[in-house]
Amino acid sequence: MTVQNNKVVTISYRLEDADGELLDSSEENGNLPYIHGTEFLAPGIEESLAGKSVGDRVDTVVPAAKAFGEYDQELLFAVARDQINIDNDDLQVGLEFEAEIHGELRYCRVEDVSGGEVKINANHPLAGMDIHFQAQVLEIRDATPEELDHGHVHDEHGHHHDH
């Protein structure tokens, strides 16, 4: 069996920036199960895994455009304080949340809170970065109809939502 659309693929992985700085890894966060072809992983990462078999390794540099996107200045914007439904106690620089921007659910980060405005950055934290991606395919199986319907992997404990 090979990595292809609608297969549940489990990988061990390591993401580094261009300087070799560790960004994310399965040592920190556990092996990663995902449904191939659902855009759960960045396009260049999925492409590097396509067609691989259990035991195969990947070691590649994924350019920013196929990783987490180019940095987009238009995704840096200010919003009136009263337009944001976040308690004042929680609203501070560094706060991360998800919001729908231009019809797409995006990760957002508060960059600045001053006066009546909140500056928000909706770029992915790794936007604009070429990513060194290393992985090993640990397991491949058919996704269940329920997993395909929900668009994510279910483990033996039910849902698996911590990524």
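Visitor: Leaving aside its neighbours within four places in sequence, which residues is Tyr34 in contact with?
Guide: This is a predicted model, and the contacts here are those that remain once neighbours within four places in sequence are left aside. On that basis, Tyr34 is in contact with Val3, Lys7, Val8, Val9, Ile11, Phe40, Leu41, Glu46, Leu49 and Val153.

Visitor: Which element gives the most residues to the largest nonpolar core?
Guide: The largest nonpolar core has 20 residues, and Tyr34 is one of those with the most contacts inside it, a group that also includes Val3, Ile11 and Phe133. Two or more residues come from each of β1 (7-16), β3 (32-35), α2 (43-49), β4 (57-62) and β9 (131-142). The element that gives the most, with five residues, is β9.

Visitor: Which residue in β9 does Ile11 stand opposite?
Guide: The strands β1 and β9 run antiparallel and are joined by 10 bridges, while β4 and β9 also pair in the antiparallel sense, over six bridges. In the latter strand, Gln134 is the residue that Asp59 stands opposite. For Ile11, the residue opposite in β9 is Val137.

Visitor: Is Pro125 buried, partly exposed or exposed?
Guide: Pro125 lies in the loop between β8 (117-121) and β9, and its C-alpha is 8.6 Å from that of Arg109, although the two are 16 residues apart in sequence. Buried means under 20% relative accessible area and exposed means over 50%. Because its relative accessible area is 47%, Pro125 is partly exposed.

Conventions. Residues numbered from 1 in each chain as written. Predicted model: local features only at pLDDT ≥ 70, side-chain atom pairs only at ≥ 80, totals over all residues. Heavy atoms only, no water. Core = buried A, V, L, I, M, F, W, Y, C linked by side-chain atoms within 4.5 Å. Buried < 20%, exposed > 50% of the residue type's maximum accessible area, 1.4 Å probe, protein only. Helix = DSSP H or I, 4+ residues; strand = E, 2+ residues; numbered from the N terminus. Contact = heavy atoms within 4.5 Å. Pairing = 2+ DSSP bridges.
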